[in-house]
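Try each task before you read its solution.

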Amino acid sequence: MSTELPDTLPALKEKIRGEVILPDSPGYDEARTIWNAMIDKRPAVIARCSGVADVVTAVNFAREAGMVTAVRGGGHNIAGHALCDDGLVIDLSRLKAVRVDSFARRAFVGPGATLADVDRETQAFGLATPLGINSTTGISGLTLGGGFGWLTTQYGMTVDNLVSARVVTADGRTLRANAEENSDLFWALRGGGGNFGIVTEFEFQLHPVGPDILAGLIVFPFTEAKTVLQKLRDFVTSSPPNLNVWTVLRKAPPLPFLPGEVHGREIIVLAIFYSGNPEEGKKLIAPLRTFGNPVGEHIGVQPYTTWQQAFDPLLTPGARNYWKSHNFSELPDEVFDVVLDYAGRLPSPHCEIFIGRLGGAAAHVPPDAMAYGNRDANFVMNVHGRWETPEEDAACIGWARDFFHASAKYATGGVYVNFMTNDGVDRISSAYGSNYTRLAQIKAKYDPSNFFSINQNITPARMP
Ligand SMILES: Cc1cc2nc3c(=O)[nH]c(=O)nc-3n(C[C@H](O)[C@H](O)[C@H](O)COP(=O)(O)OP(=O)(O)OC[C@H]3O[C@@H](n4cnc5c(N)ncnc54)[C@H](O)[C@@H]3O)c2cc1C
């Protein structure tokens with residue numbers, strides 16, 4: 001692939017209705033900034049698209065010029081796959097349209113929409129689809145990798161709710177992918193990441209949710225963490241699918257409902273979400289308080305959209321981040337010992353260990369129904385290495401890596417692609433397990449030259 005600016009660049013500028021941003025353009029640095037401050041890439045050209053025609057133009061330009069090409073949705077990918085050095089970035093961030101058909105319970109979503117954009121429009125009708133827990137995340141990357149959040153135990157993964165997609169392929173065609181049309185592409189898009197083309201519109205199934213739900217936090221001292229983890233593990237096996245509880249271990253931020261002496265000390269937090277009748281929910285969550293001696297609690301009935309943004313202040317852009325992740329079917333006591341060991345020596349006040357609960361509706365889908373196949377993952381542990389300065393890089397990356405290795409033997413071996421850094425090809429094939437072979441064949445059909453390579457890359461299969 002060439003890194004020089006092609007002489008067809010003036011033609012690109014003429015054809016694009018959006019913006020063509022070059023290294024000497026005003027706004028270049030803002031346009032190459034993404035969520036993870038560890039990523040410092042310098043594209044040669046950024047095509048900020050204003051519609052599907054711009055996407056087609058940009059794909060054709062890059063392919064004909066032989067340029068490395070990255071695709072940017074919400075820019076939250078931890079590995080920095082929204083950007084590339086020297087090549088072309090096809091920036092979809094302005095394509096934020098969200099249209100809801102409340103009668104059919106469907107949302108039609110542009111690829112630059114954030115989760116907040118989707119929730120805002122769907123909640124106007126008291127509807128929602130399962131999305132992640134940080135509202136500034138892009139719908140595109142989240143959906144293409146799988147997508148899970150508070151509603152996942154009840155309504156499945158985001159991809160389980162994808163009904164169809166409009167796609168621009170590497171050869172510049174615009175296709176529709178759903179259960180009837182280009183069904184192999186539709187299978188691959190649901191978890192296969194950005195490998196198969198650029199999605200220009202997602203169609204989601206919606207469900208009645210809220211608009212008010214019961215949610216909040218119960219915080220326990222770190223000394224009680226093991227008991228809390230054990231009791232929660234047993235509690236969730238019999239809890240209804242519309243109750244979801246995640247765990248966070250970190251140093252306490254200065255939250256107003258926590259006593260001052262707890263601030264900055266290690267804590268374990270239960271993050272609780274119940275989408276049913278709040279009075280029923282209050283009864284259901286009462287046992288959680290008895291898991292130990294809480295040092296603080298902040299739970300209440302609130303708009304679903306408020307809870308969807310509750311973690312945003314802890315996950316602001318601009319920090320340095322390095323993540324590692326494991327899937328677990330079961331959580332044996334031994335894994336808790338490892339968790340507590342590493343949670344007891346967090347290298348930065350911003351580092352945290354998240355254990356998200358999947359299962360429920362997400363586990364009812366056969367693993368080969370679509371590219372996302374980790375249906376045995378009842379829990380996803382995400383090691384959020386997060387810190388402020390380059391001087392802390394080595395300690396924080398080292399902590400995340402060591403923890404990851406120490407806990408590996410209890411994990412399924414599968415992994416959620418959306419939480420992966422650049423871990424190499426082996427981990428990508430483990431992420432897809434037995435679905436990888438089919439993905440490689442579909443990649444060979446829709447993108448034989450691996451034009452879409454800046455992602456958790458699936459190598460096109462050799463065709464006979
Ligand atoms: C703070 C934070 C919280 C998170 N919480 C959750 C969570 O609760 N649940 C969860 O499931 N995930 C979560 N994630 C992970 C998230 O799903 C991924 O980071 C995802 O890649 C973000 O998508 P994006 O569009 O913002 O990213 P980008 O960086 O823009 O894109 C991600 C990848 O998708 C490709 N891509 C982007 N748009 C398109 C498109 N339209 N067509 C084809 N390819 C495209 C890109 O090339 C890149 O390879 C979280 C991430 C962060 C940073």
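**Exercise 1.** Work out which strand holds V219, and whether V219 is buried or exposed.

*Solution.* Begin with the secondary structure: V219 sits in strand β12 (residues 212-221), where strands are DSSP runs of E with at least two residues and helices are runs of H or I with at least four, numbered from the N terminus. Next, take the relative accessibility, which is 1%, so V219 counts as buried (buried is under 20% relative accessible area, exposed over 50%, partly exposed in between, with a 1.4 Å probe and protein chains only).

Before going on, please note that this is a predicted model, in which local features need pLDDT of at least 70 and side-chain atom pairs count only at pLDDT 80 or more, while totals for chains, interfaces and linings use all residues. Residues are numbered from 1 along each chain as its sequence is written, and side-chain values use heavy atoms, leaving out hydrogens and water.

**Exercise 2.** List the residues that V219 touches, not counting residues up to four places away in sequence.

*Solution.* Apply the contact criterion, heavy atoms within 4.5 Å. For a distance check, go to A411, 192 residues from V219 along the chain: the two C-alpha atoms are separated by 26 Å.

**Exercise 3.** Describe how helices α8 and α11 pack.

*Solution.* First, locate them: α8 covers residues 225-237 and α11 covers residues 333-343. Second, read the geometry: the angle is about 140 degrees and the axes are 10 Å apart (axes are lines fitted to C-alpha atoms, for helices over the stretch in contact, and angles run from 0 to 180 degrees between N-to-C directions). Third, classify: α8 and α11 are therefore oblique to each other, since angles under 35 degrees count as roughly parallel, over 145 as roughly antiparallel, 65 to 115 as roughly perpendicular and the rest as oblique. Finally, name the residues: A225, K226, L229, Q230 and R233 in α8 meet D333, F336, D337 and L340 in α11.
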